[in-house]
Amino acid sequence: MNLQQIEDGKFAVIKSIPTGEAGQRLEALGLRAGKEVEKVSGMPFGGPITVMLDGRHFAIAYGVAEEVEVAESAGQGGGPDEL
């Protein structure tokens with residue numbers, strides 16, 4: 001599963017990021033394997049994917065988001081199951 005496929009508002013743990021310049025830029029933002037992100041939104045028609053990582057929002061190009069492999073996570077946000 002990739003970052004683009006996660007539903008808006010869901011959490012995911014990064015399994016791998018692309019190599020090359022795109023991967024270096026993601027690492028500079030703090031996005032690396034093992035980190036948990038929340039997918040805030042995905043724009044239609046190939047627009048950017050917005051994620052929250054460590055309290056910061058940033059956008060990732062659609063094509064790059066397709067190369068970020070993730071596993072869905074319960075998330076840090078809590079929920080009805082944790083009450």
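Mentor: What follows begins with the chain as a whole, turns to Lys39 in strand 2, and ends with His57 in strand 4.

Please keep in mind that this is a predicted model, in which local features need pLDDT of at least 70 and side-chain atom pairs count only at pLDDT 80 or more, while totals for chains, interfaces and linings use all residues. Residues are numbered from 1 along each chain as its sequence is written, and side-chain values use heavy atoms, with hydrogens and water left out.

The chain has 2 helices and 5 strands, where helices (H or I, at least four residues) and strands (E, at least two) are DSSP runs numbered from the N terminus. Along the sequence these elements come in the pattern β-α-β-β-β-α-β. The radius of gyration, taken over C-alpha atoms, is 12 Å, close to the 12 Å that the globule rule (2.2 Å times the number of residues to the power 0.38) gives for 83 residues, so the chain is as compact as a globular protein of that length. Buried residues account for 33% of the 83 residues, buried meaning under 20% relative accessible area, exposed over 50%, and partly exposed in between (1.4 Å probe, protein chains only). Of the contacts between residues at least 6 apart in sequence, 59% join residues at least 24 apart, a contact being heavy atoms within 4.5 Å.

Now to the part you asked about: Lys39 belongs to strand 2, which covers residues 36-42. Lys39 counts as buried because its relative accessibility is 4%. A polar atom of the Lys39 side chain lies 2.7 Å from the backbone oxygen of Ile6. Leaving aside residues up to four places away in sequence, Lys39 touches Leu3, Gln4, Ile6, Glu7, Asp8, Gly9 and Lys10, and also Ile49, Thr50 and Val51.

His57 counts as partly exposed because its relative accessibility is 49%. Again without residues up to four places away in sequence, His57 touches Val40, Thr50, Val51 and Met52. Finally, His57 and Ala12 are 45 residues apart along the chain, and their C-alpha atoms are separated by 15 Å.

Technical notes
Polar contact = N/O pair within 3.5 Å; in protein donor to acceptor, adjacent residues only side chain to side chain.
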